[in-house]
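Please work through the exercises below with the sequence and the coordinates open beside you.

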Amino acid sequence: MFKSVVDRLKKGLNKTKKQLSESLSVLNFARSIDESLFEEVEFALLKADVGVEATEEIIDFLKKESKKRKIKDGEQLKQLLKEKLVEILSCCRGQLNLIGEKPDVILFLGINGSGKTTTVGKLAALLKREGKSVVLAAADTFRAAAIEQLEVWADRVGARIVKHQAGADPAAVVYDAVNSAKARGDDIVLVDTAGRLHTKEHLMKELQKIKKTIQKFSPNQPCETLLVLDGTIGQNSIKQAEVFKQATDVTGIVITKLDGTAKGGVLIPICQKLKIPIKFIGVGEDIEDLQPFDPENFVEALLG
Ligand SMILES: Nc1nc2c(ncn2[C@@H]2O[C@H](COP(=O)(O)OP(=O)(O)OP(=O)(O)O)[C@@H](O)[C@H]2O)c(=O)[nH]1
Ligand SMILES: [Mg+2]
């Protein structure tokens, strides 16, 4: 089981891994440590979208520590790099926070096309595998075909779906979903919402209304508000997240589509700047391609 998780991760991160390992092939036994080596490492990190600030911090660390620890070759420097990346990413280690309230409610938000609905489907599958009963709330009543898309996922994973007609009030859908989950003793409600630009005030207000509706049932809910970010847009996702964070409580982040990009290094500035736990990463379109975020596995898959 463990092996297959790491293998899947490796496969999913292949583009970033390939690019990094090509650029970091300079880090071998034969290579002695000098200024030009550091420059090459710096370039490799920037190419993987680690970002200027984080890269500077990493290179500073490598220079200081390699002197202090009397590191002699590129391979040892690579171990040092892994150590630093794990340290940075560990700030954002975080498990899904479930309270066990029957239902716990998880709210998903993010801009259009970031991967919300797919993540809801994949997470439903993951929770079902853990033996939880899951209800999907089709609160994207805005985009044509959004409800059908969620229905396909519900069928696929064997979860109940609560839906209204297109154009209905999303808060009313959420009310029905939580109400019926409570009546039936279901464990978890996953709320799929419409894609919204953080700049659209009325859509952010709609989100507040959805939250208030959930809180009518319990002040502890939603137990998670997960912001879904598209990993392929690299560092633009940081700005996006900052604005969402100002508008609403975000308790966790999901970064999707890491399989489609060589910019997987973006997790590093996301961790450093946002300091919000990364709960899951999406590394493919399959039902099993949503993984809890684990800094050690992530770094191992990239540089191992
Ligand atoms: N390769 C890959 N594709 C993904 C991943 N996550 C989502 N996708 C794809 O991204 C596209 C958009 O995903 P959706 O889940 O529909 O995104 P959304 O945020 O619900 O979109 P809206 O409802 O329009 O706002 C779909 O084609 C998904 O299959 C991932 O981890 N890897
Ligand atoms: Mg959607």
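**Exercise 1.** In which loop does D49 lie? Decide also whether D49 is buried or exposed.

*Solution.* This is a predicted model, and in it D49 is found in the loop between α3 and α4 (52-68). The next step is the backbone, where phi of D49 is near 70°, a positive value in a residue other than glycine. For burial, a residue needs 20 or more other C-beta atoms within 10 Å of its own; D49 has 25 other C-beta atoms within 10 Å, and therefore counts as buried.

**Exercise 2.** Describe how helix α2 and helix α3 pack.

*Solution.* Begin with the geometry: α2 (residues 14-23) and α3 (residues 35-47) pack at an angle of about 165°, with their axes 9 Å apart. Angles over 145 degrees count as roughly antiparallel, so α2 is roughly antiparallel to α3. The crossing of α2 past α3 is right-handed. Turning to the residues, Q19, L20 and S23 in α2 meet F43, A44 and K47 in α3, a contact that comprises 3 nonpolar, 2 polar and 1 charged residues.

Methods
Residues numbered from 1 in each chain as written. Chains lettered and ligands numbered in written order. Predicted model: local features only at pLDDT ≥ 70, side-chain atom pairs only at ≥ 80, totals over all residues. Axes fitted to C-alpha atoms, helices over the stretch in contact; angles between N-to-C directions. Helix = DSSP H or I, 4+ residues; strand = E, 2+ residues; numbered from the N terminus. Parallel < 35°, antiparallel > 145°, perpendicular 65-115°, else oblique. Left-handed = near helix turned anticlockwise from the far one by under 90°. Contact = placed C-beta atoms within 7 Å. Nonpolar A, V, L, I, M, F, W, Y, C, P; charged D, E, K, R; others polar. Buried ≥ 20, exposed ≤ 12 C-beta atoms within 10 Å, placed from the backbone.
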